[in-house]
Amino acid sequence: MRNHFETARLTRKTVLAVSIPLGVIAMSLYAVTCSRSIPWWDTPEYATAALTLGVPHAPGSLLLTLIGWIVAALPTGISDIFSLNLLAGVLASGTGVMVTLTGLRPAIPTTGSDDSLVYGRRRVFPAVLAAILAGLGFAFSETLWMYAVMFTPYILTALVTAIILWSLLRWWENADHADALKWLFIISLLFGLDLSVHRTNFLLLPGLFFWVLIRHPRTLVSFKAWVCGLGGLFTGLAAHLLTMPLAARDPYMNAGNASNWSRFWDYLSIKQQGGGFLVQFFPRKADIWDEQIADFLAAFQHSFFSTDGPLGPFGLLSGILGLLGLVILWRRHRRLALAFTTLLLATSIVTVLYFNIPADFFRSLHRHYLPCMTIFAAISVYGASMMALGVWNMKGRLRPIAIGLMALLLVDTAVAQVARNFECRDMSQEYFAEDFARNTLSSLPKNAILFVAGDNDTFPLWFLQGGLGERPDVTILNLPLLNTDWYVKQTLLREPDFPLPYTIDNLSEIRHRQWTDTTIMLPVVGKPAAYGITGWKNLPDSIALDIPPMSDAPYLLAQDWFVLQMLIANNWQRPVYLASTVGGWNLGWLMPYCRMEGYVKRIVPIKNPPENIEILRKNLMERYTYRGYADTEVELDPVSRQMAVNLYAGFLTLVNQERSRDDFGAAREAYDHMMEVLPPQRLKPPEQIQNAIDRVGEQLNEGMTRR
């Protein structure tokens with residue numbers, strides 16, 4: 001007896017019947033909720049790489065960069081970043097379509113040759129409709145939707161997972177025929193290409209081994225199969241070589257400067273972060289059961305088994321359909337069920353082991369579980385399709401009731417996901433990262449040098465400067481990257497007159513070095529007015545920089561040495577600033593000479609300098625924009641909240657200074673503006689800051705009453 005799955009076919013009508021409605025519905029909601037700007041974290045970096053054909057941080061995402069560059073060049077009439085974010089929606093819609101077609105494939109009945117969608121045929125229509133609804137349930141799941149509205153490689157790698165899964169099924173059907181070699185080549189090619197997107201899909205390889213072993217063990221010892229497999233893999237991997245000519249162009253973003261073979265290998269192996277492709281299975285960075293597996297299960301729970309949405313228990317339907325699909329598959333196609341189960345379990349185990357997530361990690365890594373979720377989603381689609389066919393073919397008076405209940409449950413599968421996730425995934429009104437970057441750049445005078453410390457105070461600035469060409473006069477320097485030779489060299493190549501007493505030939509002097517507590521005297525030039533310092537007639541002849549070694553070792557980091565040498569060579573000619581996000585753990589020895597000016601701190605030649613109220617007022621009250629912070633309909637994420645909380649110190653300083661000058665009108669204006677644009681009841685600042693806000697408000701009220 002033939003296995004009907006092995007001879008099943010999806011005609012063009014069926015493919016279109018799935019792809020068009022599912023793609024249109026998914027893309028419609030993605031477009032509505034899509035970010036019109038840059039969010040925090042990776043999007044502004046990858047967007048900058050796409051707009052400039054640059055090289056983002058290792059291991060990079062070459063394929064995404066090339067696709068994004070093409071899309072941004074299209075005459076769409078909308079902003080580049082909106083185009084790129086919409087591209088993410090297109091990729092996510094494609095993922096939903098491919099997952100749905102994959103899950104539907106083993107469910108389509110093969111009795112007869114007609115695969116028509118005519119209602120009266122009763123063969124395909126119920127399965128297709130159920131598959132679409134289950135596919136929408138995955139399309140609007142928490143993790144997939146999160147990356148469907150912003151330009152990142154994570155959504156592209158999910159699409160590649162779905163295409164790999166589809167190709168695995170096609171190979172399964174043809175494993176006994178010559179066409180199987182073609183599908184092996186395609187599968188291997190996809191693995192190779194995806195390595196230039198993200199590394200997550202390589203974690204499918206153990207499951208792929210068992211998939212082949214279960215269906216056709218002889219493939220594993222076939223010379224032709226290995227030639228096709230390795231040929232596809234190396235063809236896909238060869239695409240990575242394009243990184244070298246891209247890097248040789250010296251684009252604005254050129255992480256690692258992978259312009260020759262040696263640097264290319266260092267880039268691929270992530271040498272800057274420790275090398276070895278960051279593979280560290282042991283020791284575990286957290287308890288594998290209570291932390292790492294729990295995090296994996298939590299990701300699945302949020303996407304498939306959640307009950308905390310408006311429709312409550314209906315949020316479980318996607319997950320239940322997946323479990324039902326596994327049961328039915330085990331009853332109908334034992335070997336295929338074993339292959340799917342092994343693929344899901346093996347990939348899940350390897351994923352948890354590979355990423356080795358530390359306890360209390362500072363951001364969610366649920367995106368790394370998308371390949372596992374994609375596999376489960378295909379099984380969920382299969383379960384929905386088989387349930388629909390079973391109910392549709394019922395006999396008796398209860399058939400209409402059963403069909404109605406089935407339809408209601410399947411519709412609720414998608415509706416429950418939308419109801420739960422729409423608000424929290426709606427990024428259409430979020431401009432927090434863009435406003436932070438624009439506010440920061442607007443704070444800076446011409447030819448300023450700005451030091452930043454992390455992803456979220458760097459990538460948005462890079463996007464505005466490199467991607468959009470704004471404020472090219474400002475030099476933006478990332479402190480951790482100053483510990484690498486390629487970044488320092490890149491700085492000097494782009495700015496030959498940058499104030500640094502080194503040339504390209506002796507950059508090796510900028511390195512970590514043994515260090516003890518040392519005081520460096522830095523001569524001072526200029527008049528107080530040049531630094532915006534009021535109330536001083538003269539400046540000191542020099543300032544003392546007390547520079548200690550690292551807290552846990554007798555060393556000074558290369559970044560500190562760079563900044564010190566730059567300060568000496570600059571001789572106070574170009575204004576130097578730190579982003580407000582640069583804390584005491586970075587350049588702590590320079591903090592006593594910082595003057596707060598909002599989102600930036602200026603280095604001035606006075607210890608514990610007085611505030612410049614005019615600059616502070618100009619920045620906080622006139623230059624800065626605060627879109628979304630007071631809007632209760634805009635979701636507030638932790639990074640946006642923290643960036644806003646950082647500004648309370650500036651506002652409170654401004655209010656207190658105005659009050660000390662007995663200008664209660666100006667003080668009240670500043671206080672009211674703060675409360676309007678950064679409402680504490682929404683931002684929920686730490687208790688110490690909230691108490692300071694309340695205290696200043698009371699003092700203002702008392703002062704106004706006395707007057």
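**Pocket, cavities and local details**

Mentor: In the lining of the second largest pocket, the largest share comes from α10, with 8 residues. This is a predicted model, in which local features need pLDDT of at least 70 and side-chain atom pairs count only at pLDDT 80 or more, while totals for chains, interfaces and linings use all residues. Residues are numbered from 1 along each chain as its sequence is written, and side-chain values use heavy atoms, with hydrogens and water left out.

Trainee: What counts as a pocket, a cavity or a lining residue?

Mentor: On a 1 Å grid over the protein atoms alone, a cavity is a set of points where a 1.4 Å probe fits but cannot get out. A pocket is an open set with protein on both sides within 12 Å along at least five of seven lines, and a lining residue has an atom within 4 Å of a point. Helices (H or I, at least four residues) and strands (E, at least two) are DSSP runs numbered from the N terminus.

Trainee: Which helices supply at least two residues each to the lining of that second largest pocket?

Mentor: They are α8 (179–194), α9 (205–215), α10 (223–238) and α12. The pocket has a volume of about 830 Å³, where a volume is the space filled by probe spheres set on grid points joined across faces, edges and corners. Of its 30 lining residues, Phe191, Phe202, Leu205, Leu230 and Leu233 lie nearest the centre.

Trainee: And what is the lining like by class?

Mentor: It has 25 nonpolar, 4 polar and 1 charged residues. Here Ala, Val, Leu, Ile, Met, Phe, Trp, Tyr, Cys and Pro count as nonpolar, Asp, Glu, Lys and Arg as charged, and the others, Gly among them, as polar.

Trainee: Now the cavities: how many are there of 30 Å³ or more?

Mentor: The structure holds 3 of that size. The largest has a volume of about 100 Å³, and among its 15 lining residues Gly60, Ser61, Leu62, Thr243 and Tyr267 lie nearest the centre.

Trainee: Which helix gives the most to that lining?

Mentor: Helix α12 does, with 3 residues. At least two residues each come from α3 (62–73), α11 (243–248) and α12 (261–268). The lining divides into 8 nonpolar, 7 polar and no charged residues.

Trainee: What lines the second largest cavity?

Mentor: That cavity, with a volume of about 40 Å³, is lined by Phe432, Asp435, Phe436, Asn439, Tyr599, Thr625, Tyr626, Tyr629 and Leu647. By class, these are 6 nonpolar, 2 polar and 1 charged.

Trainee: Changing topic, how far does helix α1 reach?

Mentor: Helix α1 (residues 12–33) has 22 residues and reaches 31 Å from its first C-alpha to its last, close to the expected 32 Å. The expected span is 1.5 Å times one less than the number of residues.

Trainee: Which residues of α1 are buried?

Mentor: Among them are Thr14, Ala17, Val18, Leu22, Ala26 and Tyr30. Buried means under 20% relative accessible area, exposed over 50%, and partly exposed in between (1.4 Å probe, protein chains only). The cover over the buried residues of α1 includes α4 (80–104), α5 (125–139), α6 (142–148) and α17 (399–425).

Trainee: Is Met674 buried or exposed?

Mentor: Met674, in helix α25 (residues 664–677), counts as buried at 0% relative accessibility. Leaving aside residues up to four places away in sequence, Met674 touches Tyr648, Phe651, Leu652, Pro679 and Ile693, contact being heavy atoms within 4.5 Å.

Trainee: Which peptide bond is cis, with omega near 0°?

Mentor: The bond from Phe282 to Pro283 is cis. Pro283 lies in the loop between α12 and α13 (288–304).

Trainee: Finally, what is the phi of Leu53?

Mentor: Leu53 has a positive phi of about 50°, although it is not a glycine. Leu53 sits in the loop between α2 (43–52) and α3 and is buried, at 12% relative accessible area.
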